Amino acid sequence: MRKGIVQLVAIGVVIAVATTLVAVLFQWLPTSASEEFDRIQDVYWLVTIISIAIFALVTALIVFSVWKWRVSPDDDEDGPPIHGNTTIEIVWTAIPALLVLVIGIVSAVVLARNGEAGTRPLRVEAVGQQFAWRFVYPDYENATSGELVLPVGKEAQFTMRSVDVIHSFWVPEFGQKMDAVPGIETTILVTPTRTGEFPVVCAELCGLGHATMRAKARVVSEAEFEDWIAEQR
Amino acid sequence: MTTTHETQQTTTPQYPEHFEPPRGTAYRLLFGPGLVRGAWMGALFFVLGTLLVVGLRAWWGWDPVWLWPVIITVAGLTAAPIGFLAGIGAFDYWLYYLSGRPTRPEDHSGHGARSWRDYFRVNTDHKVIGIQYIVTTFVFFVIGGLFAMIFRAELAQPGLQFVNSQEFNGLVSAHATLMIFLFIIPAFAGIANYVVPLMLGAPDMAFPRLNALSFWLLPIAGVMFLASFLTPGGSFAAGWTGYAPLAEGQPLGQTFFNMGVQWAGASSVMTALNFLVTIITMRAPGMTFWRMPLLVWANFTTSLLVVVATPFIAGSQFFVLFDRVMHTDFFIPEGGGYVLGYQHIFWFYSHPAVYIMMLPGFGIVSEVISTMARKPIFGYRLMALSLVGILVLGFSVWAHHMFVAGMADWLRVPMMITTLLIAVPTGIKVFSWTATLWRGRIRLTTPMLFALGFVTMFVIGGLSGIYLGSVPVDIHASDTYFVVAHIHYVLFGGSVFTIFAGIYYWFPKMTGRMYDERLGKLHFWATFISFNLTFFPMHYVGLRGMPRRVFDYAEAFGDLNFVISIASFALGASTVVFFYNMVTSWARGPVAEANPWGAHTLEWQVSSPPPIFNFDEIPQVVAGPYEYGVAGARHAVMSPAREAQEVPA
C-alpha cells in the first residue's frame, strides 16, 4: 500500500504542477490599474491556491482509483464493504468549512477596505442611458463628458444613475463594477494607480445596443486632468 | 423447477383486460379524448377567450376594443392551453366527478403503453410518463442546442455577421430558457418519474392523473417559448432572467416568456407535490427513510425546493405581466415601483433552481458510482444529510446574484458567507464519491464514465463558484463570460453529464434493450473533450474583460472566440452519436437482462421493462440499498425477476 500512496501523491503533484502552470503562464486578469483591483487580485490568488489544491486532490484520487482498481465489465465480484469512516468524514467537513471561512473573512476585509471613501474624493456621476455613458463632475460645475477622465492616484467616488433600464458600469482594468439602476443611486470607489486608456463596458443586458454601449476611460496626471476639466466647463 | 414456475403463475395477480378504445368512428375521433379533440377545443377556447376580452372591452366602452396584447395574453396564452388540456382528456375524470356524473370504473385504459400511440395520449402510468418526459425534453435539448450553434456562429468573430441584435438577444434568451425550463429540470423529473416509484417498491406515483397533467403542461410551455419567435418584434430578448424594467418595455414576445414560465412552473410544482406524497406514503414495507436510495433522497429534497421556491418566479413574472398588460407599477420607478424587488423575488426562486437542477444529478451519480465501483456509498447518512444541508442553505444565498446590483450593502457579507458554506455539503458529496471509488472494483461503463466526468467537471464549476461567491472577486467577474463558463461547468458538465449517466444507466430498464457500449464511450469522450474546449477558455475571456450577452466584443477576444465557436460545433456534433445510439439500440439493440449491472436497488429486481404495475408481489425491504460486498446481503426480499418479455404491440 505504501507504494500506492507514493503513486497517488505523485499523480497529485503532477496535476497540481500542471494546473499551477496554467494559472501562472497565462495572464488571467487584466493588469491592475486601481488600488481596489490590487486588493481584489490578492483574494483571487488566495482562492486560486486553494482551488488548485482541491482540484489536484480530487482528480488525483479519481485517476489513481480508476487506474489501480479498474476491472473488466464482466467482473462480478464486489469490493470491500466499507460503509464510511466517521473521523475522515469529520475531517472533510471541518477543513473545507475552515477554508471557506478564511476566504470569507479575507473577502469581507477587502470589501470593507474597497468601500472606505477617504476625505474629499473626486465625485463623478456615471449616467447610463440606452446606449451610452455620460460622466458628470459635480465638483467642477457639473462638467459633462462622454469620456471618463480621472487623475492618477486620486480616489474617485462614482455615483451611478440610469434614465431608463439597468446598466452596469465596468472598467476591467479597475476591477470595479456597479449597476446603474433606475430609481436608486448606487456608488463605487476607484483609485487609479497608472495612466493609460481603458474601455468602459456596460455589463448588464440593456437592450438591442447593449454590446455597443462602450466608452473610453483615460487616466491622466493631475495637471492634465485640470487642463481637461477646464476645457469641459 | 416446474413447481416454482407454477407457484409464480398462481401468485401473479390478474390485471384487468386492457381497454382498447374502439377506433375508426368519426364521432370517437372528434369527441373522444385525444389530440384531435385537443386541437379543436384549444381553438374553441381561444375564440371564447377573445370574445371575453372583446365583449368586456366593448361593454365598458374601452378603446380600442380589439387590443391584441391583451387578447393574446388571455385567449392565446391562458384559455387555449386550458382548452387543449381539456381536449386531450387531462381533466376528464375530475370533470365527471365534479359534475356528479358516474366516473368510469378503473378500466386502466389510460395506464401503460401497448403501442406507440399510447405515448401520445394522456397516460397515467409513471413509466409511460417518464418516457414522455425524457423524449420531449430531449427534443427541446436539440432545439436549444441549435440556437446555441447559431449564436456561436455569430460570435466566431467580432461585429455582426449572421443575425441582427434583436435575433441575437432572442436566441441567447431562448437557449437558456429552453435548456433550464424544458430540458434540465423536466429531464430529471422524467428520470425520477420512471425510477423513483420502482425504487420505493410502489406500483405507481401517488397521484397518477396529476402526474399525467403535469407532463402535458410542459409541451405547452415549450411551444409558447418557441411561438414567441413568430410575434411582431421577435422573441423575448431580455435574457432568461427577464430583468425589469428592460422586460417591461419589450415587444409582445416577452409576454410569451412571462406566461410560458407559469405553465412550466405549474408542471414542476405538481410533479414535486406528487414526488413528496409518493416518497412519504408509498414506500414498501421496511423501506425506512434511512434505507432509501440516494436518488430518492435527492428527489425528496429537490421536490421540497420546487414546492417552496417555484411560486416566487411565478410571482415575479406575473408582476411583470401586470405591469405590461394592466398598467400596474410594480417595477416601474416612475410609478413608485421598486426595480430591485424583481431581482430579489426572481432569485429567491432562481438560485434554489440551481439546486433543483443539480440535486437529482447528485442522486443519479450516487447510484451509478456505488453500483459500478461495487461498494457501498461512502458515508450514506452524511450523503443524505448533505442534501438536506444544501436544501436549507440554498434558501439563504439568493442575493449573491446581486452583489453588483445596488442592493443594501449590509446584505452582501452574510450572503457571501452562506454562499461559501454551501461548499461544505457539496464538498462532502464529492469526497464521498471519491472515497466510494477507493479499493472498489471499478467497471468503466458509459454511465460510470459520465459520472466520473461529472465529478471532475463539477469540481471545476464548484471552485469557480467560490471565486464568484467572494464579493470582491465577484464585483470584477460578475456579468462576464467567467459567469457563462461557471454556469456551463455546473449545468452542462454537472447536470447534463448526470442526465446522460442516468439515461445510459437506466436505458436497459426503460427499453428492455442494451445500448451500444462502444458508441456510448465515443459519445462520452467526444463530449468531454469538446465541452472543455468550449467552456474553459470562457473563464479567460471573461476575466480579461468580455461581458456576457453581447453580439460584438473587443478585437482582442477574436481568436479565442473563434476557437470556442469551433469547439461548440464539435460539442453539438457529439450529441449526434448519442441520439444515433439511443434510436438504433431502442429499435434493435440486444435484449437486456433484468439486472445487467448487478445493482441492489428495487428497480433492478423486476423485469426490463418492468411489469405494468411494477411489482407482482410487494417487496419486503430488509436492508440498505448499497450493501455490496456484504456476504448474503439483500436490499429486499422478493421472488427473482421473471425474464424480460417482448411487449405485445
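Domain bounds here come from an automatic or database domain assignment. The model is predicted: local features need pLDDT of at least 70, side-chain atom pairs count only at pLDDT 80 or more, and totals for chains, interfaces and linings use all residues. Residues are numbered from 1 along each chain as its sequence is written, chains are lettered from A and ligands numbered from 1 in the order in which they are written, and side-chain values use heavy atoms, with hydrogens and water left out.

Q: What makes up domain 1 and domain 2 of chain A?
A: The assignment gives 2-68 + 85-114 to domain 1 and 122-232 to domain 2. Their centres, taken over C-alpha atoms, are separated by 35 Å.

Q: How do you know that domain 1 of chain A is in contact with domain 2 of chain A?
A: Contact means heavy atoms within 4.5 Å. Eleven residues of domain 1 meet that criterion with twelve residues of domain 2. On the side of domain 1, helix α2 (residues 35-69) of chain A provides the largest share, five residues; helices (H or I, at least four residues) and strands (E, at least two) are DSSP runs, numbered from the N terminus.

Q: What is the area buried between domain 1 and domain 2 of chain A?
A: Buried area is the accessible area (1.4 Å probe) that two parts lose on being put together, summed over both. The value is about 910 Å², and carbon and sulfur atoms give 51% of this. Ala33(A), Glu35(A) and Glu36(A) supply 47% of the area that domain 1 buries against domain 2, more than any other three residues.

Q: Why is Asn211(B) called buried?
A: Buried means under 20% relative accessible area, exposed over 50%, partly exposed in between (1.4 Å probe, protein chains only). Asn211(B) has a relative accessible area of 0% and is therefore buried. This residue lies in helix α8 of chain B. Beyond four places in sequence, Asn211(B) touches His126(B), Ile129(B), Asn193(B), Met205(B) and Asn274(B).

Q: Why is Ala237(B) called buried?
A: Ala237(B) has a relative accessible area of 4%, so the residue is buried. Its place is the loop between α8 (208-227) and α9 (253-281) of chain B.

Q: What makes a set of residues a nonpolar core?
A: Such a core consists of buried Ala, Val, Leu, Ile, Met, Phe, Trp, Tyr and Cys residues joined through side-chain atoms within 4.5 Å. The largest one has 280 residues, and Tyr137(A) and Phe158(A) have the most contacts inside it. Helix α7 (residues 165-200) of chain B gives the most to this core, 24 residues.
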